[in-house]
Amino acid sequence: MAGLVKKTTGLVGLAVSQNPHQRLRVLYTKILGSLQSMPQDAAYRKYTEQLITERFNHVRTEPDVEKLEKKINCGQIEEVIAQAESELFLSRRMSEWKPWEPLIEEAPANHGSATGTPPLHHPHHHQLSGNQPRCTSRMKTFSVSHKTVIVVDHCPYMAESSRQQIECDMLTKSRAQGVIPLAPVSKSLWTCAVECSMEYLRILYDIYPARKLVNYIVSDSEFHILNSWRQEDQSVQELMSALAAVGPPNPREDPECCSILHGLVAAVESLCKITEYQHESRTTLMDMAERVANRGRIICLTNAKSDTHVRMLEDCVLETIQEQNKLAAGSDRLMPIQQCELVLVHIYPQGDDTLVSDRPKKEISSVLSSEVHSVRAGRHLASKLNVLVQQHFDLASTTITNIPMKEEQHANTSANYDVELLHHRDAHIEFIKSGDLHMAGSTSRDSGLKETVTLKWCTPRTNSVELHYCTGAFRISPVDVNSRPSSCLTNFLLNGRSVLLEQPRKSGSKVISHMLSCHGGEIFLHTLNSTRSTLEDPPSISEGCGGRVTDYRITDFGEFMRENRLTPFPDMPVDAAGRAPFERAKAQLERHTRYWPMIISQTTIFNMQAVVPLANLIVKDSMTEDDLLTCQKTVYNLVDMERKNDPLPISTVGSRGKGPKRDEQYRIMWNELETLVKTHVGTSERHQQVLECISACRSKPPEEEERKKRGRKREDKEDKTEKNGKESEEKGWAPDSERLKGAIEREKEEQSESEVIKDSPDSPEPFNKKPRLATEELLSLEKSKGPVSLLSLWTSRITQANSRKHQEFAGRINSVNNKAELYQHLKDENGMDVHENGKATR
């Protein structure tokens, strides 16, 4: 017995079983007995019974342990015993949980969402619901690209020459006289199809070493399956050896006996077979095994006769899928095909006209779609399959430019070369997000024009080893793997070196965006963080996407975040309207952001402390009577501020001058307040009453309007005077006697209109004032000086402004030479008069 020979399982805690057959018989019998207590239509009983019965039959019929392990295909026999023990425990618990019974109550509307609550059910429900997200991810894993069948035509007509000449004479330049040159050769259609399909597989296996499986089939008088779905059979070397055994097509074979249909039928049958990854998912999910998807793709390389022949091939594939799905429905070893993509590639020689027209992807039925490509053999076929492998497996192209490489003929010099690499398209996701993705056309000898991203070889000047913040790593595969630049770059990286790559930006600058490096013998393209790293200090808010704005409402935004933060709820209570907490939170966030200016200079009311109560209450879902009174009180306070002509915090950023006038400031404030309230007016009736209060307060009585009009006239008059003074300063005009006289006359008129201080005992004594120049003196002064200076203009302006506000000192008006004589009526004891010079006379 093999179980007696084996010394250890190689697994910690799992000992070698001395009698595995007997142990499995006991466990499987108990499991089947436990399942009898469940209804026959229960999903768990149905799938578990099928699996256990199948394994029980293997145990009964196969005495050899090693062969039994291969048939069950679930690891060592000791692992199978451990699985059976766990299954027996689960089956007994399932009999207690009874998941086939209906729910205690109906599931909520949001059941199954990330934030929804599980329905009230039996205790097992919480364990089963944990498998649901994993099941969804499994379905995404088994996409169409999980299984690919390549069918290559091996009929006699594939032995025809492709007529693409290949020079084999290596002595073209140094041939001696008398040497007959070698004639060029051309490959057959079969050789072109095999080489291009092998290149397709090489790229696939380089980038996806696992979980992307290929089945290779050759079709002539019968089909030849060269490998299986097992992971160990996925190798280009194995397929090349199998193709060598098949050999080239026999041109003397009867073409009536050969057909590509044999290979297409075998391809559909192969797609129905279960891969090891699908089998693992089905056994893991148990009663959710029907959610494991079975999709695949068939790539057929042939030489079709016409479009009618192509339609016949499509009909044959569709009929075969329908037949195989019927067989798979009643089998445990097969899975029905849910989706199949048929890619027909018609290959024809160089110089011939194609008899098959290209056709984009077309839905033939709910399970089959088809597309047709008509390609000339040779490099055109290689280019087509290179494009197809990018489309089928979400690949993208990157061209590394300016690679320094020494020339073999001139060891002291170097030239720059380009190498094109293929990788997963997610390596360009940062370019797409930032908008710096520049797709350029690359044209090479073997591949036509196609889109690629150009990255430049970068050698940063640094003496220390820098750690780059990497956001992703993707396997790469060179497009032209046999070229000297590709091999040199590959060897350079495999030796442990790394290469930094830079990408030009729209602004004209360059940024190091990627890095090529090797890990464990495989080359990866690393995506580097081209923006700020999370390890760095946060950027200044003025450097954001809004430009150099320095007056963001940062403090208000912090308060806004605190008011709208989320916390987890254990039982997800529902309000009277039937909304869950996250729905109420979303509704609150929507109300708070209906009107929320981000910049201080764009708002007035949010800069006023008096408006804060109304702004906080108006965003509420419902308002009480006290809230309404508070809002109305806020509006009345604003009306009182306007009546007192109090200043408002109007921002003057970006504007010249003093900013808008007081009336304009209040008009802006009222318009913004009305805009805020209007965005919430439909919330409730009390919100509407707040808007009505604002509208009523904005309609002022006639006497208020008249007072405002007089105030505006006074402000206009002062502004006009100030404007005239500034214009005179800018122009630098010379003194004009007529203009100066007119100004003095207007000054006298304004003085006569001004209020006169009446003489009374209670009146305070007037302040000492500077003497005001008379008209003649001012004129003579201006004439003597010539051009008027800025100081003279400013002094004249100040004098005019003071003369309108105060009355001149009576003593200075009646004085001689602007000097007032003091104590005119007083005499000293000696009868001496006191004159202004301080000298006494008899």
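# Exercises on strands, helices and a few residues

Opposite Leu 344 stands Val 372 of β9. Two strands count as paired if DSSP finds at least two bridges between them. Helices (H or I, at least four residues) and strands (E, at least two) are DSSP runs, numbered from the N terminus.

The model is predicted, so local features need pLDDT of at least 70 and side-chain atom pairs count only at pLDDT 80 or more, while totals for chains, interfaces and linings use all residues. Residues are numbered from 1 along each chain as its sequence is written, and side-chain values use heavy atoms, leaving out hydrogens and water.

**Exercise 1. In what order do the seven strands of the open sheet lie?**

Step 1. Reading across the open sheet gives β5-β4-β1-β6-β7-β9-β8, with mixed pairing. β5 (223–225) and β8 (359–363) are the edge strands, each pairing on one side only. From one strand to the next, the twist averages 20 degrees.

Step 2. Now look at one pair within the sheet: β1 (residues 147–153) and β4 (residues 213–219) run parallel and are joined by seven bridges. Val 151 has Ile 217 as its bridge partner in β4.

Step 3. Helix α13 (residues 379–392) packs on the sheet and touches β6, β7 and β9. The direction of α13 makes about 150 degrees with that of β9; such angles run from 0 to 180 degrees between N-to-C directions, and axes are lines fitted to C-alpha atoms, for helices over the stretch in contact.

**Exercise 2. Describe the surroundings of strand β7 (residues 339–348).**

Step 1. Start with the pairing to β6 (residues 295–302): β6 and β7 are parallel over eight bridges. Within this pair, Arg 295 faces Gln 339 of β7.

Step 2. Follow the chain from β6 to β7: the path goes through helix α12 (residues 307–329), and this β-α-β crossover is right-handed (with the strands pointing away from the viewer, the path from the first strand over the helix to the second runs clockwise).

Step 3. Turn to β9 (residues 368–376): nine bridges pair β7 with β9, again in the parallel sense.

Step 4. Check the accessibility: nine of the 10 residues of β7 are buried, so the strand is mostly covered. Buried means under 20% relative accessible area, exposed over 50%, and partly exposed in between (1.4 Å probe, protein chains only).

Step 5. Zoom in on His 346, which has its place in β7. His 346 is buried because its relative accessible area is 4%. Beyond its neighbours within four places in sequence, His 346 has contacts (heavy atoms within 4.5 Å) that include Thr 302, Asn 303, Leu 355, His 373 and Val 375.

**Exercise 3. How do α2 (residues 20–35) and α5 (residues 77–97) cross?**

Step 1. The axes of α2 and α5 come within 9 Å and cross at roughly 20 degrees.

Step 2. Classify the angle: under 35 degrees counts as roughly parallel, over 145 as roughly antiparallel, 65 to 115 as roughly perpendicular and the rest as oblique. α2 and α5 are therefore roughly parallel.

Step 3. The crossing of α2 and α5 is left-handed (the near helix is turned anticlockwise from the far one by less than a right angle; clockwise would be right-handed).

Step 4. Among the residues making the contact are Leu 24, Leu 27 and Ile 31 of α2, and Ile 81, Ala 84 and Leu 88 of α5.

**Exercise 4. Repeat the analysis for α3 (residues 43–61) and α5.**

Step 1. Here the axes come within 12 Å and cross at roughly 150 degrees, so α3 and α5 are roughly antiparallel.

Step 2. The crossing of α3 with α5 is left-handed.

Step 3. From α3, Tyr 44, Thr 48 and Arg 55 meet residues of α5 including Val 80, Gln 83 and Met 94.

**Exercise 5. Where do Asn 73 and Asn 402 lie, and are they buried, partly exposed or exposed?**

Step 1. Asn 73 is in the loop between α4 (65–72) and α5. Though not a glycine, Asn 73 has a positive phi of about 60 degrees. Asn 73 is exposed because its relative accessible area is 51%.

Step 2. Asn 402 belongs to strand β10 (residues 395–406), and its phi is also positive, near 60 degrees. With 31% relative accessibility, Asn 402 is partly exposed.

**Exercise 6. How many helices and strands does the protein have?**

Step 1. The count is 26 helices and 20 strands.

Step 2. Of the contacts between residues at least 6 apart in sequence, 69% join residues at least 24 apart.
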